[in-house]
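Okay, thanks for coming, everyone. I'd like to walk you through some helix packing today, so let me put the model up on the screen.

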Amino acid sequence: MKQNENNGMMQARVPVAHPMIVMASMMIGAFVGMFSETSLNIALPQLMSHLNVAAGTIQWLVTGYMLVIGIVLPFSSLISKWFTTRQIIIFGLLAFIVGAVVSALSTAFPMLLAGRMIQGIATGLILPMMFTVAMQVFPPYKLGAAMEMCALVIMFAPAIGPTLTGLILAKLSWNWIFWAFVPFLVIALLFAIFGLKNVGELTKPKVDVLSLLESIIGFSGIVMGVSFASEQGWASPLVLGSLIVGIVVLALYVKRQLVLAEPVLNLKIFAIPAFRTGAVLVMLDFGIILSAMYLLPMYIQRGLLLPVALTGIIMLPGGIINALVSAVAGRLYDKVGAKTPVRLGLIIALVGALMLVFTTTHTSIAYLVAAHVILMVGAPLAMPPAQTYALNSLQGAQSGDGSTIMNTMQQIVGAIATALATSLLGIGQAAYQNHHGSGHLSAAFTNGTHYGFYFTIALIVVGLLASLRITTAKDAEK
């Protein structure tokens, strides 16, 4: 009996000779996907000038990408039961290559946005499959290291993304950001064709088309409404109409998931207090990071009037700190639980965000780097413990449901946070110009970023209030 248990620990569910070769295509694809999600922020000011569009329009390159990922992610489990691993990953990588080429060849904003959204489909397919396949091809005793390696791939991309993008833009046009993706994706595609194995079983369950439509319409309506507000105004019929349709359809979607025998998203787990608290904290923390990382590169270029290459270098220390803190923060949960690291992380993030509110058109680079580093210590310090706290409250199949829900909502919340930050940026610019005239463009833009950082601070404060609901094991026993 003991020998059988040992054999079970030594063998993977799907034994393969070289697990790393099997994983290579997905890890490269996931890296490029996360690189694409974060690196483009630094290019937005240049894209606004080249494509002759406003901030409210250009932010769709970020929000549209994340929205598509958020729509695709909930269906990843269903897709994996209808199509083989190889079919999904090869299709995803081909879609990513097509999206990158379309973006690189774009001469107008609609074409560029279409390319970005095609890339979003690919990332939404590849990210969850990477973790699913890792669970199958690595033996249990190597699984922890494998999952940490997958997480490191995702964390490393945002750390170096802005810097690499800044260096590309210093010498080449913005189109080369997307051309740079292609060779890596082609290498990933070759690994997928020659090294990827199929895992999982094709059961081809019934597709709930109504849930699919409600998910797309509901999430899109809300993100579109918030995004249009930055240019149309919050009282615009288009904005109000999009928000109303999105909220109503999303409410119908939630109601349907609660009554379906096999829901797309098992929303019933939100009835578990610890999961609800942890999931809310994860979403708020992601919104904090995304809103700040959207505003900061634009402030550096349009508020401080610094070149794009220097922008990437300024953001590098914070990016590295983000990756390092994320890598170690998860282990804190085992030692001290979630309460202390989450609260401490949010308090540290609050200090960094407050420092960003006090920036001017003459703020020193050292001050800015310090503020960014402090924010990137705090926000990732809170994230992994909150996520572990949420998932530890679930049992069996609920863990997969919880992970899918949090990954999906992170993308949706990230898109909404970016859109709201853009709207507040415009309001802050207009408020300054109404007081001081339209001649002070850099000062007006700096004031606009302050309004955006007020939103980041509001998210942190809400997060701190939510963290009061975190309980320890001892509290639960009482």
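Let's start with helix 17 (residues 398–436) and helix 18 (residues 441–467): their axes come within 7 Å and cross at roughly 135°. Axes here are lines fitted to C-alpha atoms, for helices over the stretch in contact, and angles run from 0 to 180 degrees between N-to-C directions. Helices are DSSP runs of H or I, at least four residues, numbered from the N terminus. Helix 17 and helix 18 are therefore oblique to each other; angles under 35 degrees count as roughly parallel, over 145 as roughly antiparallel, 65 to 115 as roughly perpendicular, and the rest as oblique. The crossing is right-handed, meaning the near helix is turned clockwise from the far one by less than a right angle, with anticlockwise being left-handed.

Who touches whom? On the helix 17 side, the residues include A417, L420, L424 and G428, and on the helix 18 side they include L441, A444, G448 and F455, with contact meaning heavy atoms within 4.5 Å. That contact divides into 14 nonpolar, seven polar and no charged residues. For the classes, Ala, Val, Leu, Ile, Met, Phe, Trp, Tyr, Cys and Pro are nonpolar, Asp, Glu, Lys and Arg are charged, and the others, Gly among them, are polar.

A quick word on provenance: this is a predicted model, where local features need pLDDT of at least 70 and side-chain atom pairs count only at pLDDT 80 or more, while totals for chains, interfaces and linings use all residues. Residues are numbered from 1 along each chain as its sequence is written, and side-chain values use heavy atoms, with hydrogens and water left out.

Helix 17 has another partner, helix 13 (residues 273–302), at an angle of about 40° with the axes 8 Å apart. Those two are therefore oblique as well, and helix 13 passes helix 17 in a right-handed crossing. Their contact has 16 nonpolar, eight polar and no charged residues.

Now over to helix 2 (residues 19–39) and helix 8 (residues 109–137), which come within 8 Å and cross at roughly 145°. This crossing is left-handed. Among the residues that meet are M23, G29 and E37 from helix 2, and R116, I126 and V137 from helix 8.

Last stop, helix 11 (residues 209–232).

Technical notes:
Expected span 1.5 Å × (residues − 1).
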